[in-house]
Amino acid sequence: MAERLGVGLVGDGELRELLGLALRRNPKRAHLLVSNVLGKHVPQRPSVVYGAGVELGRRVRALLGEDGARRAVVVGYAETATGLGHSVADGLGAAPYLHSTRRPVPGVATAGGFEEAHSHATSHLLLPEDPELLAAAGPGSALVLVDDEFSTGNTVLNTIRDLHRRYPRDHYVIVALVDMRSPADRGRLTEFATEIGARVDLIARNTGTVTLPDGVLEKGQALVAEREARAEAPQDGPPHPRPHIRLDLPWPAGVPDGGRHGFTEAHRALLEPALPALADRVARALGDGPRRVLVLGFEELMYAPLRLATALEERTDAEVRYSTTTRSPVLAVDDPGYAIRTRLVFPAHDDPADGPGERYAYNVAGAGFDAVVLVIDSTADTPALHAPGGLLDRLAPHTAQVLLAVIPSYVPGAPAPERQEEAPMQLPEPLRGPAFSSYAPDEVGWLLQDLSDTRLEAPTEEREEAIQSGGAHYAESLPVEYQPSAAYQELFKSALAVSAARIARAVGTVTETVLAERGPRPVLVSLARAGTPVGVLMRRWAQARRGLDLPHYAVSIVRGRGIDANALRWLAEHHNPADVVFVDGWTGKGAITRELAAAVAEFEKAGGVAGFDPEIAVLADPGGCVRTYGTREDFLIPSACLNSTVSGLISRTVLRADLVGPYDFHGAKFYRELAGADVSGLFLDTVAARFDEVADAVDAEVKELLTADRAPTWEGWAAVERISEEYGIHDVNLVKPGVGETTRVLLRRVPWKILARRGAGPDLDHIRLLAEQRGVPVEEVDSLPYTCVGLIHPKYTRGATGADGKAVESA
């Protein structure tokens, strides 16, 4: 600007720190004064931005006196000074605030308007909800006009002239961060005050002038054309699609999202106490990872994101910065002496009155932000925002995490429920051991509610009859916990000793595959209950072999009813959904795999946060149902041999309408009374002790898997359909393939018979023992893709068993 155009800044000592210069892409004015404390073009600490406006407001209050400050009305200019004006009003204390707008709102009458001659978008509207807001509040009441800079004075004179004709008063106060008028312009303001017969005061943080040589506009336009013609690469970077987190903020009911329609002392009293909780919601959604965070506002929506940013700055250790997007077209030049280093370009996404066009975010690219919190109002949450090339898409390449925080748009005159939906109850933090489960607190967080004091158990036969008759769902009650005999406990321990290395290898393989394809810091989310021990082992592997401390949670999924949507909401508030990896123990026929895919799709369709990948990572995939697995062999996983006593003493999950409300997690019980029989820690420690010896085998296997075709074959599903018809069951839900699922049938359902692959060895020792205890026949068959298959008694009634409760051959 100085070397090529001869533009210069002249002013007091702080002026050069406060302002920078940039070149407009504008046929009306060559230069742009870029403020370092406004929070528009240059990311700045939010406390600095807010403090600059509040301090100016205090100076106005000192000028007017306490009584005058209470009767004043503050008006800010769109779009650049909407947040500054609101901050000035806060500094005054009780003054109502209104800012001009370029967004017409149907049904709201215009109370005034004016032109900003040098702007790229000239027309300003005043749309107060209360038509008396701008009327004089008695003799001596002042109108306070706030803009970021006072350059020629034309915009302010146009405003006062329009409003004085409609709402005459005897005192006007002009407030700006900088007063850059020439001596001639200063005299013109004095003449104007005399003309209208009113007092006009000016308060500015700094004063100075801009020196503009002859022909600067034409030279500026030529320089813009020259620089853009030789630009080597676009400023917005290469395509880099990445899912974002969406957070619908529970904005206080009845509080406007800004000053477009007026903001009063009553609104301020409702907003202030709500800000800490709102900032906490944002902080939880970001998680602990980001160390440098940008809160990015949206055009005229400057105050709400600014106050969120100031509250976040106070409540997090992260370095927080604040800026907003803008309509203003400015040339970006990556030079240390130039104010606008980088530029992101995207289409307007709020259906503006002046039609579609480019919008900009400056100094965001290349600034090293770990996360960007984009704050918009619901009117601007349009398909254009989410489309390829839209703002979300443009932000993605320049930060590791994008959080979209949406505030409900305020509509004057609309009934309160339409303005702000009732916010759901705050979801609780995860349950952790030892208060809930025998696992250490850092091993897993349970996104469940504790139903330990509720009687939920029912005899197995009663449950089976109710489930098959349609009178109840299996998740509405719990089976009586199986208490293993001494012989069965010894069988578990011997099976664990034999299979520990095999399990360790599968754990390592699935974990390393996840890290290679979903890393570097996936969030493990186990499907309770069978997935939880596997998730804990995967976490231990990542910690032992990679030094990674991965978050791990357990959530409920229920066949026929889907995954716990509140658990997904909690995860989306605290982590990037794209980082979530669902974990389960094994696949049978793939029912849960399909259930999860359908549930995630339904969650998104219902307005939930997008970005969750429904693919499950499992220890064993004998059914060929997933891409990410430790093995596809069907072998004994000792954690399948028992129920709660190998799963942290936690029951299977419960979903019943009288126990689980719309804002509750699904439930489960903690069987503290079974602590004496708990082998959860033994299972984990025994497997983890074998990690080192299988490390080389895991490395070789993962290298091979990453280049192999791992597409699901669904071989197991076809086998289940064939068995269902061959044995006259005609219901695939009653056919449970694989060692793990067969064990569940014997422990929790009413089994009919067991199909075992001919020649199966020790992997079925516990199956044979359980079958013997329950009087269930074991039938050896050929051509079985699984080691075994458990068949639940079809069309079960209690009359289908003998007097001792054991199964019989036929009903």
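In which sense do E14 and strand E15 pair, and over how many bridges? Strand E14 and strand E15 (residues 358-362) pair in the antiparallel sense, over five bridges. Two strands pair if DSSP finds at least two bridges between them.

## Basis of the model

This is a predicted model, in which local features need pLDDT of at least 70 and side-chain atom pairs count only at pLDDT 80 or more, while totals for chains, interfaces and linings use all residues. Residues are numbered from 1 along each chain as its sequence is written, and side-chain values use heavy atoms, with hydrogens and water left out.

## The chain as a whole

The chain has 22 helices and 32 strands. These elements are DSSP runs numbered from the N terminus: helices (H or I) have at least four residues and strands (E) at least two. Of the 811 residues in the chain, 60% are buried; buried means under 20% relative accessible area, exposed over 50%, and partly exposed in between, with a 1.4 Å probe and protein chains only.

The chain exposes about 31100 Å², and carbon and sulfur atoms supply 51% of this area. Accessible areas come from the Shrake-Rupley method with a 1.4 Å probe; for residues, only the protein chains shown count as cover. Among the contacts with a separation of 6 or more, 77% are accounted for by residues 24 or more positions apart. Contact means heavy atoms within 4.5 Å.

## The five-stranded parallel sheet

Five strands form an open sheet in the order E11-E17-E16-E12-E13, with parallel pairing. Strand E11 (245-248) and strand E13 (319-324) stand at the edges with a single partner strand each, so one side of each has no neighbour in the sheet. From one strand to the next, the twist averages 20°. Axes are lines fitted to C-alpha atoms, for helices over the stretch in contact, and angles run from 0 to 180 degrees between N-to-C directions.

Strand E12 (residues 292-297) is joined to E13 by six bridges and to strand E16 (residues 371-377) by four. Leu296 stands opposite Ser323 in E13 and opposite Leu374 in E16. Five of the six residues of E12 are buried. Gly297 has Thr324 in E13 as its bridge partner. From E12, the chain crosses through helix H9 (residues 303-315) to E13 in a right-handed β-α-β crossover. Right-handed means that, with the strands pointing away from the viewer, the path from the first strand over the helix to the second runs clockwise.

Strand E14 (residues 343-347) is largely enclosed by the rest of the structure, because four of its five residues are buried. Pro347 stands opposite Glu358 in E15.

Asn576 is found in the loop between helix H16 (565-574) and strand E25 (580-586). Asn576 counts as buried, at 6% relative accessibility. The side chain of Asn576 reaches the backbone nitrogen of Ala578 at 3.0 Å.

## The four-stranded mixed sheet

Four strands form an open sheet in the order E29-E32-E30-E31, with mixed pairing. At the edges stand strand E29 (735-737) and strand E31 (778-781); each has a single partner strand, so one side of each is left without a neighbour in the sheet. The twist averages 20° from one strand to the next.

Strand E30 (residues 751-757) pairs with E31 in the parallel sense over four bridges, and Ala756 stands opposite Glu780 in E31. Helix H20 (residues 715-726) lies across E29, E30 and strand E32 (788-792), at about 140° to E29. Helix H21 (residues 739-748) lies across E29, E30 and E32, running at about 30° to E32.

Methods. A polar contact is a pair of N or O atoms within 3.5 Å; within protein, one must be able to donate a hydrogen and the other to accept it, and residues adjacent in sequence count only if both atoms are side-chain atoms.
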